[in-house]
Amino acid sequence: MMQNVHLAPESDEDDLYSGYNDYNPTYDTEELENDTGFQQAVRTSHGRRPPVTAKIPSTAVTRPIATGYGSKTSLMSSMGRLMTGALQDGISRPMTAVRAAGFTKAALRGSAFDPLGQSRGPAPPLETKNENSPEEKIRQLEKKINELVEESCIANSCGDLKLALEKAKDAGRKERVLVRQREQVTTPENINLDLTYSVLFNLASQYSANEMYAEALNTYQVIVKNKMFSNSGRLKVNMGNIYLKQRNYSKAIKFYRMALDQIPSVHKEMRIKIMQNIGVTFIKTGQYSDAINSFEHIMSMAPNLKAGFNLILSYFAIGDQEKMKKAFQKLIAVPLEIDDDDKYISPSDDPHTNLVIEAIKNDHLRQMERERCVEVVKASQYVELANDLEINKAITYLRQKDFNQAVDTLKMFEKKDSRVKSAAATNLSFLYYLENEFAQASSYADLAVNSDRYNPSALTNKGNTVFANGDFEKAAEFYKEALRNDSSCTEALYNIGLTYKKLNRLDEALECFLKLHAILRNSAQVLYQIANIHELMEDPNQAIEWLMQLISVVPTDSKALSKLGELYDSEGDKSQAFQYYYESYRYFPSNVEVIEWLGAYYIDTQFCEKAIQYFERASLIQPTQVKWQLMVASCFRRSGNYQKALDTYKNIHRKFPENVDCLRFLVRLCTDIGLKEVQEYATKLKRLEKMKEIREQRIKSGRDGSGSSRGKREGSAGSDSGQNSSASSKGERLSAKLRALPGTNEPYESSSNKKIDASYVDPLGPQIERPKTAAKKRTDEDDFADEELGDDLLPE
């Protein structure tokens, strides 16, 4: 070992920099090609082994050291043993090493870090599926069988039982083919038992649905006897049902009990249903004692309505009245699990269920239930609630639109104390007011006011009856008194605003509605009234602004949209007017005024073809008005379609043979086109014009005669002058209306600026111009003032 030790000469003691140029030959990789031991190790089996994942040599690795003189010697351990990878007796052995993951010598030389081997390029393409392979054929056959089972179930649900059975049989045949193919390819343990079970169960169900009970029982037996199917014993319930249909009650009970034995106790609901089937079967066999045992067990474990009812029938069959009473008590103790008000509402559209609910809605039991409820409350310390219950009962009748019952119930309070009497009389006044029986409404309103002078709802209803009779000043006094008693009575505030509007006191009316708007921010009725008052005050800009707020609340209200169009039209903004008129027509395409305006707009803008559809719709709405059909013909004529115009005029002439305007245009068109029928139409026109002249002469002579007779009686009666002026004004309005019809030279005149009715029809509310009624409603202060606006003023 001393041969590898180099001693420094003494002359080098003082050389401080000696040894810096020496290096360990272990790290000399340049001489590996000339290293015989290394090259021999590479050529051995160790060198040909696949590389391990670790790429970086560990620092613990030792190998033959090449000295600076080229000699290669083996390193020895401290114990004198050769190191791994060293030469021993001239025989080289493979080197072993522990390498760090992901690092190689190439990495040390600057190659990219690629632990996943992504630099090797894309993966080879996937192998193409061999559709002719046995496994693929088996998968396709399984898919087809599942589809057949699904189609069979769908056909059964649609009522096509024959098709359902055919599909089930086809699935069964294909499933047997599948089993044979699987046995040839794989071991029997790989057979799909779930698929076999579903096919057999569906087939048995379809046999049973088609009343092929023998085949169904055989199929069920195949499933039940196969021990490989888990929980197949439950199907004995189905077999018991089949025997029950066949009236084989003994076997039905046998199979029900066998199924009951195989179902664990954790499935409580299933066991209860089987017990109920057993009880029903015992009833059919006349074994009432056994049936009673079954139903009593059910009522003790999980009581339900069917079991309780069957138990009563069983006791009735054996004549045990005392136990019948106890069974009835158990029956009525069963919770319905529905709300009391919802139990008389049909959950479906089944006509049989609806008839049953109608029958029990007001039967003797229901009447007794209501009476006892009220009697119990009256006998208790909450006797005051009995009156409220009766009033709520009347309100329920109103919601069911049974007005007679509601009136009869409310009339029962006429002899009660003043508070209850006032509440009932207020509601009665409200009902009679809605039915336009103002005399009865006024009578009950007086009764309500006399019973409780501080009841704002009663005062509001009294003001409504006075309003209906036209005494607006007196109505305003009642509304003011209601507001003094309750400043939050919105009905009274709304109605006093209407009253001021009727009295033409617009500033006071506007003040009332603005106050109401501060309370009811999104009330469409209030917004419309404010806009209408601004329009009456000749402030269209403010009216438009409030109408814009209105359509933000009710964007589909056609009346509000048409009103906006009218205001923009009066301001000369035709484009905005068209936009809102068109929106109004879109939501309500039966408003003749809107249709007329849109047709006139398209004619004014020289788009006569587009105007045709509007006038045709108007003619459908008013088929007896000839002017709409004349407008259609005129549009055809303006657009240059003379043949279509001629056909339309001929059709009008057949429907209205005495219309002079139609004949004039027929004569003109026939002359322009050069038709021979011009002479026929000209003759008819002359005859009609002559008849018209004769009629006008008769009217004129009658007026002259009546004028001379009036001159003789002039000053005899003041009322005569009033009647004559009324007749003359009516004649002027009639002549103005006639002038609006198509004339001789022009078939269309622009529509006059007609004002729509001042009343606003809310989609969910009443006519605005009618005062609000106030029905009684329960409050904390025992007051029945209502907080709603609209017809539905009853308590919730």
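Let's start with one contact. Cys608, Ala611, Ile612, Phe615, Glu616, Ala618 and Ser619 of helix α29 meet Trp628, Gln629, Met631, Val632, Cys635, Phe636 and Arg638 of helix α30. Contact here means heavy atoms within 4.5 Å. By class, this contact has 10 nonpolar, two polar and two charged residues. Nonpolar covers Ala, Val, Leu, Ile, Met, Phe, Trp, Tyr, Cys and Pro; charged covers Asp, Glu, Lys and Arg; the others, Gly among them, are polar.

A word on the source. This is a predicted model, where local features need pLDDT of at least 70 and side-chain atom pairs count only at pLDDT 80 or more, while totals for chains, interfaces and linings use all residues. Residues are numbered from 1 along each chain as its sequence is written, and side-chain values use heavy atoms, with hydrogens and water left out.

Now the whole chain. It has 34 helices and four strands. Those are DSSP runs, numbered from the N terminus: helices are H or I with at least four residues, strands are E with at least two. The chain has 796 residues, and 36% of them count as buried. Buried means under 20% relative accessible area, exposed means over 50%, and partly exposed is in between, with a 1.4 Å probe and protein chains only. Take the contacts with a separation of 6 or more: 51% of them join residues 24 or more positions apart.

Back to the helix pairs. Two packed helices are described by the angle between their axes and the distance between the axes. How do α29 and α30 pack? Helix α29 spans residues 608–621 and α30 spans 626–638; their angle is about 165°, and their axes are 8 Å apart. So α29 is roughly antiparallel to α30. Axes are lines fitted to C-alpha atoms, for helices over the stretch in contact, and angles run from 0 to 180 degrees between N-to-C directions. Roughly antiparallel means over 145 degrees.

Next pair: α23, residues 506–519, and α24, residues 524–536. Their axes come within 9 Å and cross at roughly 155°. That makes α23 roughly antiparallel to α24. Who makes the contact? On the α23 side, Leu506, Ala509, Leu510, Phe513, Leu514, Leu516 and His517; on the α24 side, Val526, Leu527, Gln529, Ile530, Ile533, His534 and Leu536. By class, that is 11 nonpolar, three polar and no charged residues.

On to the cores. A nonpolar core is a set of buried Ala, Val, Leu, Ile, Met, Phe, Trp, Tyr and Cys residues joined through side-chain atoms within 4.5 Å. The largest one has 101 residues, and those with the most contacts inside it are Ile496, Leu550, Leu598, Phe615 and Tyr649. Another core, of 42 residues, lies apart from it, with Leu203, Ala216, Tyr315 and Ala327 among them. What does Leu598 touch, leaving aside its neighbours within four places in sequence? Phe578, Tyr581, Tyr582, Tyr585 and Tyr614.

Most residues other than glycine have a negative phi. Glu211 is not a glycine, yet has a positive phi of about 60°. Glu211 sits in the loop between α6 (193–209) and α7 (213–225). Its relative accessible area is 59%, so Glu211 is exposed. Asn504 also is not a glycine, and has a positive phi of about 65°. Asn504 lies in the loop between α22 (490–502) and α23. Asn504 counts as exposed, at 60% relative accessibility. Ser552 lies in helix α25, residues 540–553. At 57% relative accessibility, Ser552 is exposed.

Notes:
Parallel < 35°, antiparallel > 145°, perpendicular 65-115°, else oblique.
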